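Q: Can you walk me through this one? I'd like the overall layout, then a few residues.

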Amino acid sequence: MLSDSVLSFNTIHDGVKRSETDGLRHGTWLGDTMATQAGLDIESPGFAKDLWHAAQQGYSLDPVIGVRKFGPHHVVMKTPLSNIRLTTFFAGESEVKIIDPSRLSLVEAVGCQVEFIPPMEWTTK
């Protein structure tokens with residue numbers, strides 16, 4: 001879904017229904033269709049549904065937006081630019097999706113304590 005900018009944009013906005021993105025291919029549920037076709041059961045309780053929900057989360061590049069959306073308790077993370085896809089920059093939200101969560105690093109926990117557990121590094125044989 002995040003392999004290129006056009007597909008990223010279309011799958012990110014496929015379930016969004018808000019004034020800023022009205023008419024931008026929302027309501028198609030393209031991402032859900034792609035996940036289901038790939039064999040991911042996003043409806044039944046369990047790991048696959050939880051994974052799908054986590055993958056749908058957006059993150060803000062703008063600290064002001066982050067505080068407004070998430071309140072005084074939030075986490076600041078860092079990742080290479082090549083690891084994000086811009087999704088709603090034009091709507092003034094500077095929102096992005098993370099491609100590979102294993103490439104995140106903790107910068108700061110604001111108003112909360114965080115135990116950051118980096119993902120396991122996979123090796124091939």
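What follows is a short exchange on the overall layout and some single residues.

A: Before we start, note that this is a predicted model.

Q: Fine. How many helices and strands does the protein have?
A: There are four helices and five strands. Along the sequence they run α-α-α-β-α-β-β-β-β.

Q: What share of the residues is buried?
A: Of the 125 residues, 22% are buried.

Q: Which residues make the nonpolar surface patch?
A: Val75, Met77, Leu106 and Val114 make it, and the patch covers about 270 Å².

Q: Where is Val75 found?
A: Val75 sits in strand 2, which spans residues 74-78. Its relative accessible area is 36%, so Val75 counts as partly exposed.

Q: What about His74, buried or exposed?
A: His74 is also a strand 2 residue. It counts as buried because its relative accessibility is 18%, and the cut-off for buried is under 20%.

Q: What does His74 contact?
A: Leaving out neighbours within four places in sequence, His74 is in contact with Val67, Glu108, Ala109, Val110 and Cys112.

Q: Switching topic: where is Asn83?
A: Asn83 lies in the loop between strand 2 and strand 3, the latter being residues 84-86.

Q: Buried or exposed there?
A: Asn83 is buried, at 1% relative accessibility.

Q: Which residues does Asn83 touch?
A: Not counting residues up to four places away in sequence, Asn83 touches Lys97, Ile98, Ile99, Asp100 and Arg103.

Terms used: Residues are numbered from 1 along each chain as its sequence is written. This is a predicted model: local features need pLDDT of at least 70, side-chain atom pairs count only at pLDDT 80 or more; totals for chains, interfaces and linings use all residues. Side-chain values use heavy atoms; hydrogens and water are left out. Patches are made of residues with over 30% relative accessible area and no salt bridge: like charges are joined within 9 Å, nonpolar side chains (Val, Leu, Ile, Met, Phe, Trp, Tyr) within 5 Å. Accessible areas come from the Shrake-Rupley method with a 1.4 Å probe; for residues, only the protein chains shown count as cover. A salt bridge is a side-chain nitrogen of Lys or Arg within 4 Å of a carboxyl oxygen of Asp or Glu. Helices (H or I, at least four residues) and strands (E, at least two) are DSSP runs, numbered from the N terminus. Buried means under 20% relative accessible area, exposed over 50%, partly exposed in between (1.4 Å probe, protein chains only). Contact means heavy atoms within 4.5 Å.
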